[in-house]
Amino acid sequence: MSEPPLRVRGLTRRYGELTAVDGLSLEVRAGEILGFLGPNGAGKSTTLRACAGLLRPDAGDILIAGASLAAAPLRARALMGFVPDRPFLYERLSAREFLDFVGALYGLAPDACAARAAALLARLDLVEAADDLIEGCSLGMRQKVSVAAALLHDPPLVMLDEPLQGLDPRAARALKDLLRERAAGGGGVLVSTHLLDVAERMCDRVVILHRGQKVAEGSLEELRGASGLEASGAPATLEDVFLELTREEAAEGGR
Amino acid sequence: MRLAGVALGRWRLARNHLLSRRGRSRGRRSPALLVLALMLVMAGLVGSGLAALFTQLALHGASAAAAAMALGLLLALALLALLVFDLHEAVATLLLDSDLELLRRAPLSPAALLGLKLLDALPRTATPLLVLGLPAVAGYASAYPLPGWAWLLLPPVFLTLWAIPLGLGVAAAMHLLRLVPARRAREALALFSTLTLTLIWVANAFLLPRLTDPAEGLPRAAYAALTTAPAAAAWSPAHWAARGFGAAAAGDPAGAARHLAPLLLAALLSLALAAWSAGRQLEGAQARLAARVGGRPARGRRPAIRRRRPSLLRATLARDARLFTRDWTVLGDVLTAAALWTLLPLVSAPLHHTPGPTLARTMLLALTVGLGYEVAARSVPFERDGLAWVRLAPVPPGRWLAAKLTATAAIALPVLAVVTASLVFGFRLPPGETLAILALVLPALGLSLCLGLWTGVAFGDPHWTNPRATLSLAGRLLATGLLVAQATGWLVLARLAPAGSFEGLRLGLPLVLAAAVSVVPLRAAAARLSTREWCH
């Protein structure tokens with residue numbers, strides 16, 4: 001059986017006294033979009049950054065398509081794309097120049113890189129702005145450039161931290177379609193978002209994180225069952241489930 | 001607006017900034033007190049130099065009124081410097097300060113907002129008056145004693161001298177921002193501010209010792225230039241102030257009042273101009289800025305140049321070349337700094353009668369160690385958050401550093417080549433001597449670039465706003481120490497191996513030495529890159 005795009009086992013990350021992520025295990029399967037949900041400060045961004053190699057875990061293993069991020073970092077990095085919440089861009093390059101540079105970092109052949117960049121720019125409606133300096137771009141356009149850079153080398157795993165922020169409805173739809181297509185093509189997608197309705201419609205499964213720990217994982221139906229809302233008979237949305245699970249957890253924590 | 005509450009808030013802000021109070025978020029320590037201490041040291045140095053200058057004028061028989069013309073010249077220079085600082089601070093505080101959005105949302109009139117931000121700007125713009133204006137008056141008073149009552153005039157005179165360029169600076173900034181994007185304007189003006197301070201330092205270290213050398217005496221031309229009223233003196237606030245002090249030194253209170261009264265009027269007019277400009281244009285400028293942040297992309301850029309091979313080195317070279325050439329503030333600064341580093345040895349040379357070839361070698365060494373900081377150290381924070389790609393992409397840190405080193409050498413070598421050619425031509429150096437100098441200078445450049453890269457990796461601040469302060473304060477201090485250590489080391493080596501020698505060992509020794517030492521910063525930089533974290 002082939003390795004899943006992402007497997008995290010016992011991930012722990014501390015900032016001084018604060019344990020931001022506490023023994024988290026999760027898996028992104030091939031062909032699925034996994035939603036990563038949690039209240040502010042739950043540890044979502046820390047988890048994603050640790051999986052992207054930007055933060056060192058205090059404990060745990062991270063395997064990207066079977067490659068250990070700790071033991072084989074270069075191979076693991078080549079197998080993933082990451083869209084941070086605040087894009088890592090060069091302000092005084094144009095989007096096209098930036099993608100050229102990123103393509104070179106990933107060792108893409110020039111023709112393949114140019115073709116792929118052109119396709120992504122067109123798909124994300126960036127063609128007209130492709131030769132403008134990024135410093136003049138809006139937040140949404142920067143986000144789109146960041147997405148294009150993450151997808152440029154066609155990695156089996158794509159991780160996105162709040163990818164829809166700053167995007168207009170058309171761009172948000174384009175991105176969602178793009179991610180759906182990647183999943184349909186056998187890739188894995190991990191999306192952290194606050195937009196529960198988006199997660200509900202876009203994700204195959206969700207993981208809910210609270211205070212650094214996983215409090216629930218599964219499809220919406222499974223989560224409804226786990227939350228106990230199914231028994232009430234009322235149709236429960238992901239928002240209801242999320243609030244219920246994080247409320248219960250908060251109450252247990254307070255006891 | 002509840003004035004007392006607002007004033008208390010601003011006072012707390014200033015106090016916390018100055019005293020480096022740290023919150024729970026573990027922010028970086030503010031270097032405000034250290035900066036203040038450095039400014040006081042600089043003021044002391046400039047003051048002692050100017051005291052010597054005014055003593056020379058007195059020894060040459062200049063009257064208090066004649067010497068006041070020299071004081072007027074110095075105060076005019078301080079006002080020009082202040083205008084640069086004010087332009088920078090007007091852009092920074094009125095349009096880019098982090099609390100601006102909060103203040104704009106508050107029910108404040110434009111005049112109240114302007115007043116608050118001008119109060120914020122006061123301590124930030126005071127540097128030229130502190131390091132040039134005040135020492136100039138102190139130097140004048142050391143040679144031409146002022147009566148007690150004249151010292152009471154000092155605070156109001158300096159307040160008016162501060163207000164005049166500030167008003168003009170605010171008004172000019174409003175117009176400037178219609179032409180130039182705010183962030184670029186801020187970076188460029190920050191650069192000019194720092195270069196202005198550098199020029200003051202160079203003038204103090206280079207010009208004053210020559211003018212005040214007791215053995216040589218004050219040159220006749222310099223005496224005439226310093227004591228003659230320029231044509232514009234009648235319209236120069238600096239000269240009004242200087243004439244006021246001149247009259248005070250001559251014991252003429254009425255004369256002092258006559259000269260100083262127009263200052264007050266000019267200050268009021270200047271502030272009124274600032275208020276008028278801000279009232280008409282501040283809101284529009286702020287709105288334009290806000291629209292730009294979330295708005296449309298820039299247009300009219302050149303299309304990308306197609307590359308032939310997917311090489312990290314080629315990509316890094318192309319990227320750094322684009323970043324440098326598109327940022328004219330940094331590029332201009334690199335070139336200016338290169339000239340200043342080259343000229344630095346001249347500060348002491350005529351006093352010590354250094355032979356030409358030795359001076360040329362020393363100038364090139366100063367340039368090479370300087371380029372390590374100017375190009376290599378700054379090239380890392382220059383990437384800002386883009387540097388995170390070194391952790392995201394499958395590129396080993398060593399390969400990234402090698403590409404970066406090549407890219408910085410590609411920028412530094414043409415500068416070194418031009419300066420070397422100029423010096424070879426200027427000093428008429430024979431080929432053998434040139435070769436010996438290059439055998440020393442090229443390894444020195446390699447080492448300085450490696451050390452620069454390490455300081456950039458270890459201390460680079462990706463959120464810099466001043467192109468001359470892209471490293472943290474600790475990084476800048478360490479970089480300065482490294483520059484001094486390198487320069488000293490190479491000069492000692494040069495002394496051990498006299499220029500013109502063709503002995504293979506002496507020619508090869510610097511190369512071997514530089515290669516051996518360079519390994520240390522490169523390994524440290526690679527280790528730092530592989531462990532550095534990007535939390536936010």
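Predicted model: local features only at pLDDT ≥ 70, side-chain atom pairs only at ≥ 80, totals over all residues.
Which residue is the bridge partner of A:Phe36 in strand 9 of chain A?

Residues are numbered from 1 along each chain as its sequence is written, chains are lettered from A and ligands numbered from 1 in the order in which they are written, and side-chain values use heavy atoms, leaving out hydrogens and water.

Five of its five residues are buried, so strand 3 is largely enclosed by the rest of the structure; buried means under 20% relative accessible area with a 1.4 Å probe, protein chains only. A:Ile33, A:Gly35 and A:Leu37 cover one side, and A:Leu34 and A:Phe36 the other.

Strand 3 of chain A runs parallel to strand 8, residues 188-192, over four bridges (pairing requires at least two DSSP bridges between two strands). There, A:Phe36 stands opposite A:Ser192. Four bridges also join strand 3 to strand 9 of chain A, residues 205-210, again in parallel. The partner of A:Phe36 in strand 9 is A:Val207.

Elsewhere, chain A has an open, antiparallel sheet of four strands in the order 2-1-4-5. Its edges are strand 2 (18-28) and strand 5 (67-68), each pairing on one side only. Seven bridges join strand 1, residues 6-15, to strand 2 of chain A, and A:Arg13 stands opposite A:Val21 in strand 2.

Key. Helix = DSSP H or I, 4+ residues; strand = E, 2+ residues; numbered from the N terminus. Buried < 20%, exposed > 50% of the residue type's maximum accessible area, 1.4 Å probe, protein only.
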